[in-house]
Amino acid sequence: MSEFEPGRPLVLRGGTVLPMTDGRAVLDGADVLIEGDRITAVGPGLPVPDGTAEIDASGGIVMPGMIDTHRHMWQTAMRGYGADWTLTQYFVWYYLEHGKRFRPEDVHAGNLLAAIEAVDAGVTTVVDWSHGLQTPGHADAAVDALRSVPGRYVLAYGNIQAPPAEWTATPEFRDLAGRLAGGDMLGFQVAFDVLGDPSFPERPAFEAARDLGVPVTTHAGVWGATSDEGIRQMHDNGFMTPETVYVHAASLSADSYHRIAATGGSISVSTESEQSAGQGYPPTWTLRTHGIPVSLSMDTSVWWSGDLFSAMRATLGADRSRMHLEAHGNGDTVTHCSLRADQVVDWATRGGARALGRDDLGTLEPGKKADVVLIKNDHSPVSFPVLNPYGHVAFQAQRGDVHTVVVNGRVVKHDHRLVGVDLAAARREAEATVEYLRGSMGEEAWAAGMNPDIPETKILDNPYTYTDYRSDATRTA
């Protein structure tokens, strides 16, 4: 019998446990017992069944697996390529010029690498905001990649190269939605944006999602692309639901935030993205005043990191910076932080579970799914002392400190090494995609693409090609 054979009970012993339940408890020297795909007990000195595998968690922090509610996984083979892009340049490269080059195998390469890097960083659930699915073959490739890596995923199906009303009406889309909707290890959402075009061309896509009983995730409040008008259209037509996830929502009015709050939706904040690309100021500082549920996300590795430690750190920094800036503008001084470290750890775990409607994820409690992360690094001087565990997770820890990751009761990383993952194969796929893109674009275009020129188009108003709608919401028409 191997040490972590599937089905064998597992206990993490003697760690500092953050169960992420109400009250933000900290359990010192506690154990977490896993049997099958569930947590069966949490507490000190737990009795365990005979033959239980044991992991020494002493000196470490045990927490729920983190949940990323918005990541364009298909773009990961181009890691770091767009480090200096603005959002407009991203739109030019992917929406208008080179996004159509991606073949199904390139989507597979990106999804495979993204799924592996997520698990490695303790992100046990990822929403694959997959808006590069130009054909059913691309969708099949995305699904195959996700199924090959031992994590939990949600395929958010999208296609930036065609009207949402068109691709949501295809039998292939409806068949895939029917097979994945409500799935445990691989679920389903519909991913498209609402531009504010008075003709509301996105209506049929909303109706398809409603008919299929699947949630919609949408980039809302993105400066220059989606505005309050799109939120108004969704609200007036009854398409804002508690399951709707609004990504970024960084440049909306108070009226739009009121509509989101009133209809029970949640917002996926990608702080590294918003503060760098230009969707708007990372909005947690105002979302908190409206009581809107928050989850965290990384957006894309074309620019940024692929771990939620970075997301938590960036979110605390941006929120607190705004708080100080507002106070200084009024001649005041902030004496106590309104956003605390435990809150962003909650957003990275339980907040993601809430956004996905998964009350079986996000906390360490008996009966919950066994998605568990141990942060422990005996070789790092930053691993001790652990005085404020929530602050340690948010400001001190990093992916290299992720010692053990358990997904659905299965150990997928242990002693800082991935288990059952062929990283060499993922490298070969990523390298093949890069070679293909460089070859098809040509070296001059490839190099220029890292800081592309902006064509004389409607790009500052709307990057989508399925409508001629232009907006004066963000600049003089």
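**Close-up views of a predicted model**

**Figure 1. The contact between domain 1 and domain 2.** In this predicted model, 28 residues of domain 1 are in contact with 29 residues of domain 2. The domain assignment gives domain 1 as 10-64 + 368-418 and domain 2 as 66-356. A distance of 28 Å separates the C-alpha centres of domain 1 and domain 2.

**Figure 2. The largest nonpolar core, with 112 residues.** Among its members, Y94, L155, F188 and M312 touch the most others. Helix α2 (residues 104-120) gives this core its largest share, 8 residues. Both domain 1 (10-64 + 368-418) and domain 2 (66-356) contribute residues to the core, so it lies between them. Another core lies apart from this one and has 17 residues, including L10, A30, I34 and V62.

**Figure 3. The surroundings of Y94, one of the residues that touch the most other members of the largest nonpolar core.** Neighbours within four places in sequence are left aside here. Beyond them, Y94 is in contact with W74, Q75, M78, W85, G99, K100, F102, I160, Q161 and V302.

**Figure 4. The largest cavity, which holds about 140 Å³ of space.** The whole structure has 6 cavities of 30 Å³ or more. The lining of the largest cavity consists of 19 residues. Nearest the centre of this cavity lie L87, Y90, F91, Y95 and H219. Helix α1 (residues 87-97) supplies 4 residues, the largest share of the lining. By residue class, the lining of the largest cavity comprises 9 nonpolar, 8 polar and 2 charged residues.

**Figure 5. The largest pocket, with a volume of about 350 Å³.** This pocket is lined by 22 residues, and F188, P215, L356, G357 and R358 are the closest to its centre. At least two lining residues come from each of β8 (152-157), β9 (186-191) and α12 (341-355). The lining of the largest pocket divides into 10 nonpolar, 7 polar and 5 charged residues. F188, which is among the residues closest to the centre of the pocket, is also one of the residues that touch the most other members of the largest nonpolar core.

Methods. Residues are numbered from 1 along each chain as its sequence is written. This is a predicted model: local features need pLDDT of at least 70, side-chain atom pairs count only at pLDDT 80 or more; totals for chains, interfaces and linings use all residues. Side-chain values use heavy atoms; hydrogens and water are left out. A nonpolar core is a set of buried Ala, Val, Leu, Ile, Met, Phe, Trp, Tyr and Cys residues joined through side-chain atoms within 4.5 Å. Buried means under 20% relative accessible area, exposed over 50%, partly exposed in between (1.4 Å probe, protein chains only). Domain bounds come from an automatic or database domain assignment. Contact means heavy atoms within 4.5 Å. On a 1 Å grid over the protein atoms alone, a cavity is a set of points where a 1.4 Å probe fits but cannot get out, and a pocket is an open set with protein on both sides within 12 Å along at least five of seven lines; lining residues have an atom within 4 Å of a point. Grid points are joined across faces, edges and corners, and a volume is the space filled by probe spheres set on the points. Ala, Val, Leu, Ile, Met, Phe, Trp, Tyr, Cys and Pro count as nonpolar, Asp, Glu, Lys and Arg as charged, and the others, Gly among them, as polar.
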